[in-house]
Amino acid sequence: MNTKINQLFGIKYPIIQGGMIWNSGWKLASAVSNQGGLGLIGAGSMYPDILRENIQKCRLATNSPFGVNVPMLYPDIEEVMEIILQEKVKIVFTSAGNPKTWTQYLKENGVTVAHVVSSSKFAIKAQEAGVDAVVAEGFEAGGHNGREETTTLCLIPHVVEMVDIPVIAAGGIGKGSQIAAVLALGAQGVQIGSRFAATYESSSHENFKNEILKAQEGDTQLTLKELAPVRLLKNKFYQKVQDAYANGAKKEDLAELLGKRRAKKGMFEGDLHEGELEIGQVSALINEILSVEEVFNELLSEYTATIEKMKFL
């Protein structure tokens, strides 16, 4: 797996760990980078001073490249970007916003920028904004998602056709065979979230990790499109959202129901009933909590086995 993404980020394998809120602290990011992938600290769930602390601890824990994921829909964005530059972070993944807002500023300061998109239209806009790569994320992905509901298998070849910069595939990828599949579609790398959420190094609560293991096909759903589309495990809070829709809830009603810190309550504090439990469809394929090293060993052995199998077809 030697692609343009390896060269762009200076990594051994084109495997990027998603910068998931409440999951992607310095322990997870550094563990992924130490295995030859690219670890990302998830700034979306961190106050600026906590982000700085995570960057500093990550730098002490790895000599390999790592980055920060910045969802632009969250507050304190100016302070977050200033901390990233002060701490000399060289890789930033932006999402949930207009890439034109920060790309030029970051690149002028020597930062390599990737932007997460959910359609070829937004991929083209990201390329025009000057990003170095796009993460094309299919509808299967967990957490905040696109409204288009385009699946990864359809999205990747279309985005690859429409842009000239490297494309990183995301959404529903948790096995080495799936890595082989999206590389065959033209992607230059993968971003994996859910599989890394269910690792020992993930900063999420043990209750949430164990709930991921229980997930079966159909146990997640994309909802709350009026606010910011998010894929959730079905629980008591999710059912409250569905009941609200059934009763004709408006956008402001949904915002009141969501309130504040609902994701923290679920994923970080372990409230499986009243919290948001953000995870992808691939959770149905996750059956045990592993270390990051074990996940990498599985991904690489499955990838190699898949490539060997394809030679005989």
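This briefing covers the strands, salt bridges and surface charge of one predicted model.

Local features need pLDDT of at least 70 and side-chain atom pairs count only at pLDDT 80 or more, while totals for chains, interfaces and linings use all residues. Residues are numbered from 1 along each chain as its sequence is written, and side-chain values use heavy atoms, with hydrogens and water left out. A search of the whole structure finds twelve salt bridges. Strand β3 is mostly covered, and both faces of strand β9 are covered too.

**Terms**

- Helices (H or I, at least four residues) and strands (E, at least two) are DSSP runs, numbered from the N terminus.
- Two strands pair if DSSP finds at least two bridges between them.
- Buried means under 20% relative accessible area, exposed means over 50%, and partly exposed lies in between (1.4 Å probe, protein chains only).

- Strand β3 spans residues 66–71, and six of its six residues are buried.
- F66, V68 and V70 point one way from β3. G67, N69 and P71 point the other way.
- Strand β2 (residues 39–42) runs parallel to β3, and four bridges join the two.
- I41 has V68 as its bridge partner in β3.

**Strand β9 and its neighbours**

- Strand β9 covers residues 189–192. G189 and Q191 lie on one side, V190 and I192 on the other, and all are buried.
- β1 and β9 run parallel, joined by three bridges. Q17 has I192 as its bridge partner in β9.
- Strand β8 (residues 167–170) also runs parallel to β9, again with three bridges. I168 has G189 as its bridge partner in β9.
- P14 sits in the loop between α1 (4–9) and β1 (15–17). Its relative accessible area is 2%, so P14 is buried.
- P14 and G189 are 175 residues apart along the chain, yet their C-alpha atoms are separated by 4.6 Å.

**The β7-β11-β10 sheet**

- Three strands form this open sheet, in the order β7-β11-β10, with antiparallel pairing.
- β7 and β10 are the edge strands, and each pairs on one side only.
- Two bridges join β7 and β11 in the antiparallel sense. G143 has R231 as its bridge partner in β11.

**Salt bridges**

- Side chains of opposite charge can pair when their charged atoms come close. The cut-off used here is a side-chain nitrogen of Lys or Arg within 4 Å of a carboxyl oxygen of Asp or Glu.
- K57 forms a salt bridge with E53, with the closest N and O atoms 2.9 Å apart. Both residues lie in helix α3 (residues 48–61), four residues apart, about one turn of the helix.
- K57 has a relative accessible area of 34%, so K57 is partly exposed. E53, at 35%, is partly exposed as well.
- K225 and E149 meet through their side chains in a salt bridge of 2.4 Å, N to O. This pair links distant parts of the chain, 76 residues apart. K225 lies in the loop between β10 (220–223) and β11 (230–233), and E149 in the loop between β7 (143–144) and α7 (152–162).
- K225 is partly exposed at 27% relative accessible area, and E149 is partly exposed at 39%.
- E274 and R262 form a salt bridge with an N to O distance of 3.4 Å. E274 is in the loop between α13 (262–268) and α14 (292–310), and R262 is in helix α13, twelve residues apart.
- E274 counts as buried at 18% relative accessibility, and R262 counts as buried at 14%.
- Salt bridges with shared partners join K236, K240, R262 and E274 into one network.

**Negative surface patch**

- D49, D76, E78, E79 and E82 form a negative surface patch.
- Patch residues have over 30% relative accessible area and no salt bridge; like charges are joined within 9 Å, and nonpolar side chains (Val, Leu, Ile, Met, Phe, Trp, Tyr) within 5 Å.
- Asp and Glu count as negative, Lys and Arg as positive; His and the chain ends are not counted.
- E79 lies in helix α4. Its relative accessibility is 43%, so E79 counts as partly exposed.

Definitions and conventions: Areas by Shrake-Rupley, 256 points an atom, 1.4 Å probe, with all protein chains shown as cover. Charge placed at Lys NZ, Arg CZ, Asp CG, Glu CD.
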